[in-house]
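The structure comes first, then the points by topic.

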Amino acid sequence: MSVEELRSKVQDLIDNMINPAVAGHGGYVELIDVQDNRVYLQMGGGCQGCGAADITLKSGIERLIKEEIPEIHEVLDTTDHASGANPYYTAGKA
Amino acid sequence: MDRLLLLLPTTTYRTEAFIDAARALGVDLVCASEKPNVFEAEAPEHLVTLDFTDPEGAAASVANFHKARPIQAVVGVDDTTAVVAAAIAERLGLEANPVAAASAARNKLEMRRRLHAAHVPAPRFRTISLEGDIDRAARDAEFPCVLKPLTLSASRGVIRADDPAQFVAAVRRIRALLARPDVSVAADAARMLLAEEFVPGREVALEGLLMEGRLHTLALFDKPDPLDGPFFEETIYVTPSRLPADVQARIETVTAQACAALDLTQGPVHAELRVDERGPWVIEVAARSIGGLCSRTLRFGTGMTLEELILRHALRWPIASLQRERRPAGVMMIPIPRAGRLRAVHGQAQAEAVPGIDEVAVTAHLTQELVPLPEGWQYLGFIFARAESADAVERALRTAHAQLSFEIE
């Protein structure tokens, strides 16, 4: 599968499965790039800076993408979470 | 493939470190939170919701899950989930701390009782009823004393009182804190406080791992900023400790005695002690690892993180080395200077450019409502340093912090 085809399939998943799910928490996900079978994403809205963003990314988004597109080996988060102005959950010390 | 259940509250800083560690180990990871993840319906075999306020109920839910997808290890990442993890492990027949031990470590009153019963050096204490006559309790108190909620973390609600008037004001302030909607306390923790002797002296934190009842010290941190109150905001941690070797040995011995008194036998412990001319005094022993992002200061063996080490132990996988890297390291939890909304952060690049600084992580987000201690429980962020000496680490942290400024409205 070409990089363009991979990118298109990932974008379809984001549009039709991922963003409808995270929209419930005011979040959204943007595809930044697909390179060397790795997907680079950015999270925004309620996902940016959210205390549960890592769980959502690794146990939700990455798992979904890898199941649907086995050619993808890894999903990487390029989000600047510190700049998130409205995270759904805010982390505390413990 | 071994399957690991991580108990990750939605508000913990610890998620990224534990998930990264689980991925590095290649285990089949199941994440449980107290609120449903948006992908739970799509991945019910990897995302579950548990009521962390009901350890037995959570254990029953996981036991059902376990029938179809057996779990080899369960790890909680904070005080609350340490108790839930113990309850789940007991139900599944996994080796872990007894539930009563994890619960005792979670409750400052029960901890004090057990420490005193075992003659472990710890501050004298008494309980204060929030529904009783506070003026009378203040007249009967010894000063200086420290008032503490029974189950809150991160020094939240901990206030020193030097006289009856301060005592009464502190109790009222803590009572108001416990009534806040974002504070969840129940049973005794909602009805009483602990009033304990203030122990002057230096404070240290011991990070350890219990393996079959034996305490292995992973790191001993000095806390060079005085923690004399009225509030007890933690700032700098530096390891290795600069205390004399015999004092460090005594700290380790007393911490091991405290773990035994609580009946803690397995997994991480984070202990806080005061050291005066009489020796070490146990302030707290938590059945969890160090909080916040502070574990980034620690590397073991050939680069293993603290979380990898904890997960390996929980899975009963071999651990090549418990030896921390030789290079001194430290962290500064950036305190919140005043209440208000965070509008801007300045000087981060300058702070990161200070020699010895590894990272400056500002974790508070812009527009976040900042609440300082004793009502608050968060930090603006964390500064990490490594250098040739513990003194140099401390200097780097202070220099970097001085570069930072925060606009708070």
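**Interface and cavities**

The contact (heavy atoms within 4.5 Å) takes 29 residues from chain A and 38 residues from chain B. The model is predicted: local features need pLDDT of at least 70, side-chain atom pairs count only at pLDDT 80 or more, and totals for chains, interfaces and linings use all residues. Residues are numbered from 1 along each chain as its sequence is written, chains are lettered from A in the order in which they are written, and side-chain values use heavy atoms, with hydrogens and water left out.

**Interface**
- About 2,800 Å² is buried between chain A and chain B, with 61% of that area given by carbon and sulfur atoms; buried area is the accessible area (1.4 Å probe) that two parts lose on being put together, summed over both.
- Between the chains there is 1 salt bridge (a side-chain nitrogen of Lys or Arg within 4 Å of a carboxyl oxygen of Asp or Glu).
- R23(B) forms a salt bridge with E62(A), and their closest N and O atoms are 2.5 Å apart.

**Cavities**
- There are 4 cavities of 30 Å³ or more; a cavity is a set of points on a 1 Å grid over the protein atoms alone where a 1.4 Å probe fits but cannot get out, and lining residues have an atom within 4 Å of a point.
- The largest cavity has a volume of about 520 Å³.
- Its lining has 38 residues, and K148(B), S155(B), E272(B), I283(B) and E284(B) lie nearest the centre.
- The second largest cavity holds about 150 Å³ of space.
- Among the 17 residues lining the second largest cavity, H25(A), C50(A), A52(A), T56(A) and V38(B) are the closest to its centre.

Technical notes:
On a 1 Å grid over the protein atoms alone, a cavity is a set of points where a 1.4 Å probe fits but cannot get out, and a pocket is an open set with protein on both sides within 12 Å along at least five of seven lines; lining residues have an atom within 4 Å of a point. Grid points are joined across faces, edges and corners, and a volume is the space filled by probe spheres set on the points.
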